[in-house]
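The structure is shown first.

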There are 2 protein chains.
Amino acid sequence: MASIRIPDDLVIRGGGKGRIVLVVLDGLGGLPHPDTGLTELETARTPVLDGLARRSSLGMLIPVRHGVTPGSGPAHLALFGYDPLETVIGRGALSALGVGFELRPGDVAARLNLATLDAEGRIVDRRGGRPSDGEGRRIVELLVRTVALPGVEYFLLHEKEHRAVLVLRGPGLEADLTDTDPQRTGVPPLDATAITPGSERAARVINEFLAKARAVLREEPILSGLLARGYARFEEIPSIETRFGLTGRVLAKYPMYRGVARLVGMEIPGIPGSDEEAVGLLEAGFTDADFHFLHCKAPDARGEDGDFAGKVAAIEAADAWMGRVAALEPDVLIVTGDHSTPAAMGIHSWHPVPVLLKSRWARPTGATFGEKEARQGDLGVIESRDLMTLALAHAGRLAKFGA
Amino acid sequence: MASIRIPDDLVIRGGGKGRIVLVVLDGLGGLPHPDTGLTELETARTPVLDGLARRSSLGMLIPVRHGVTPGSGPAHLALFGYDPLETVIGRGALSALGVGFELRPGDVAARLNLATLDAEGRIVDRRGGRPSDGEGRRIVELLVRTVALPGVEYFLLHEKEHRAVLVLRGPGLEADLTDTDPQRTGVPPLDATAITPGSERAARVINEFLAKARAVLREEPILSGLLARGYARFEEIPSIETRFGLTGRVLAKYPMYRGVARLVGMEIPGIPGSDEEAVGLLEAGFTDADFHFLHCKAPDARGEDGDFAGKVAAIEAADAWMGRVAALEPDVLIVTGDHSTPAAMGIHSWHPVPVLLKSRWARPTGATFGEKEARQGDLGVIESRDLMTLALAHAGRLAKFGA
């Protein structure tokens, strides 16, 4: 398997081996505040994380490759030990997986926006005024009841607010299509156009679906049309159980992150309403899996808002529940981010992300948790896709190579 | 493209993006002086570079791969984002490009030395007593007037002092040939011999050219023969505009460096007579290109002389004009070397080279510019070929990868 950079047969399978907890503080890495020279993490008061760091191997993770800014999907795949450049998963597929839909190989998934169109069909609001979840769900259920697509099986799934997912199932569907979302208002949606001959059937079906949906929604005051983008044909990828001998669980409030975790075979024991509830689910099922992935969204969200103080507070809030995670005493506890979201930039970035890896076999440098200290750590500056191998090693799950 | 380690379509093309300046202090990296434990760069008083470093991301560049000592060609190709192991360019081709000759794909180029042979044809001086440029040019012009090669087009170009370039153009020419320069005196030049059958034609043509040239030069007192080496068949490689969406310019006093820059599509706005003139050309054309490469030879030359103090002085001299480069306020300013040339060794070496990358999105560590500090920096110890991706990211020229 090209995406793991060690020989497959080093993985030790079977029970009784070390348990791994991966806590992802989304968008953790930052840039210095101009007044203090300190990043968000360096500014935050994080007594628990600092205490863990002092007993951990520290390092910096390059999410994909030097200079590459990742979306959440590839960034998480890398943390799970997959080469994100080889394992390309469309956002539509991640969304479908995230709402618990059982994608099958060959399914084509598209992300939909519930949008507002005017009487002439021009886009007024690409996000339909950001409707409530209930209102979004009402529209999706209306469409499911009324739109028929002869000759193809389809599933329409509500994700959150204005976001939905369309899944097409049937032979001969490929997903090299253009978006119908023109990414601006005042113009009508575009047609989906096949980029390759193999995608012509999917283009026809999607255009038919969108036209029928528009006919149904024409009289709706706000959510009066749909925009499609982010198509993906789903190809199964080998699970973390197949590859690393790990049963896994995901504790994540947001569908996207449950989706990418399901993609690599993790189970979803429940949908937490908050980070504290996610920790509760982790505690409740701690002995039920080898690998637990806990996702915390807030640092990324505040970073994307450009809110330095808010991101500091989000990291401090995570520190407040981190003690409960540490108290479970997993054999390997990793805390990191999927990528940096510096408040100074207000978007994801390519900058390396601090990581701490606590285990009985860590090589601590005695430093606290921050960008400057982490890069002096034992792990060095490495690619995220190599983290899983290190986790397996610290968990006693990798055999000696050669005699 | 295998040599860029990111997907091609991440590159954002079109105007209005960040401008990049790459300053190469040739042979910058060094080794500690036994008396002080400080390298040449650490010894030099470099207030401007130190000031830049304090606001830059720092790191160390491995020119090719761990332990590999590069020549100037591969070392620069790596800095321009090309894998130097995949993109092999013969020195002859670099020399021809460097004197402004428009090589075409399929041309075979050879480097020539104007040498001194005795009456029996034995080599007395492989470099012809290091003639003046004028004297070298006179001989080249004499040969161009008098030597005819039926059936093949040839170009003879004077490079500098005793160095010239022979370019053969015609069908069926390959360049797997042995050198005629035996690398010692007291013996006659060797014949060029084809290593592969496809190179037999080129071997015959080169031997014919060298024999005819010897006949013309027999009566010359000093420059009485030619030695050939460093053959290369020229294959076009994709330009930095094709690959990275960058228009580029080279500011370099020496032909070799203009040659490698032309090879990847950079323009030559003029031939500076000094580093200060190179900075002047940079200033004059700053808004005319996306990417400027400024080459400074002196640190390498003094390193090759084994002159520690001279290399220190050469770095200090560069610091003196570096403020003018910084005053242009490029979006991304990179200062590094193509490789190390420790005065203690007197030759190129494989040791990593300090790099500073200053941009709005740098992650400074507050350190000054030197080997010890740079290796603690945010960039870590990386391969030179990954530098361009980082430069593009800092210049806002890379799109997000995946959703």
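## Basis

This is a predicted model, in which local features need pLDDT of at least 70 and side-chain atom pairs count only at pLDDT 80 or more, while totals for chains, interfaces and linings use all residues. Residues are numbered from 1 along each chain as its sequence is written, chains are lettered from A and ligands numbered from 1 in the order in which they are written, and side-chain values use heavy atoms, with hydrogens and water left out.

## Interface between chains A and B

Chain A contributes 33 residues to the contact and chain B contributes 26 residues; contact means heavy atoms within 4.5 Å. The buried area is about 2,200 Å², with 63% from carbon and sulfur atoms; this is the accessible area (1.4 Å probe) that two parts lose on being put together, summed over both. On the chain A side, A:His66, A:Trp350 and A:Arg375 lose the most area to chain B, together 28% of what that side buries.

There is 1 salt bridge between the chains, a term for a side-chain nitrogen of Lys or Arg within 4 Å of a carboxyl oxygen of Asp or Glu. A:Arg375 forms a salt bridge with B:Asp378, and their closest N and O atoms are 2.7 Å apart. Helix 3 of chain A gives the most, with 3 residues. Helices here are DSSP runs (H or I, at least four residues) and strands likewise (E, at least two), numbered from the N terminus.

## Nonpolar cores

A nonpolar core is a set of buried Ala, Val, Leu, Ile, Met, Phe, Trp, Tyr and Cys residues joined through side-chain atoms within 4.5 Å, where buried means under 20% relative accessible area (1.4 Å probe, protein chains only). The largest core has 60 residues, and B:Leu22, B:Phe80, B:Ile240, B:Met266, B:Phe291 and B:Phe293 touch the most other members. Helix 13 (residues 387-394) of chain B supplies the largest share, 6 residues.

Beyond its neighbours within four places in sequence, B:Phe291 has contacts that include B:Ile20, B:Arg249 and B:Met388. Another core, of 47 residues, lies apart from the largest one and includes A:Leu79 and A:Val332.

## Helix 4 of chain B

Helix 4 (residues 91-98) of chain B is largely enclosed by the rest of the structure, because 7 of its 8 residues are buried. Its buried residues pack against elements of chain B including helix 3 (72-79), strand 3 (108-117) and helix 8 (255-263). Just after helix 4 of chain B, B:Gly100 has a positive phi of about 90°.

Methods. Buried means under 20% relative accessible area, exposed over 50%, partly exposed in between (1.4 Å probe, protein chains only).
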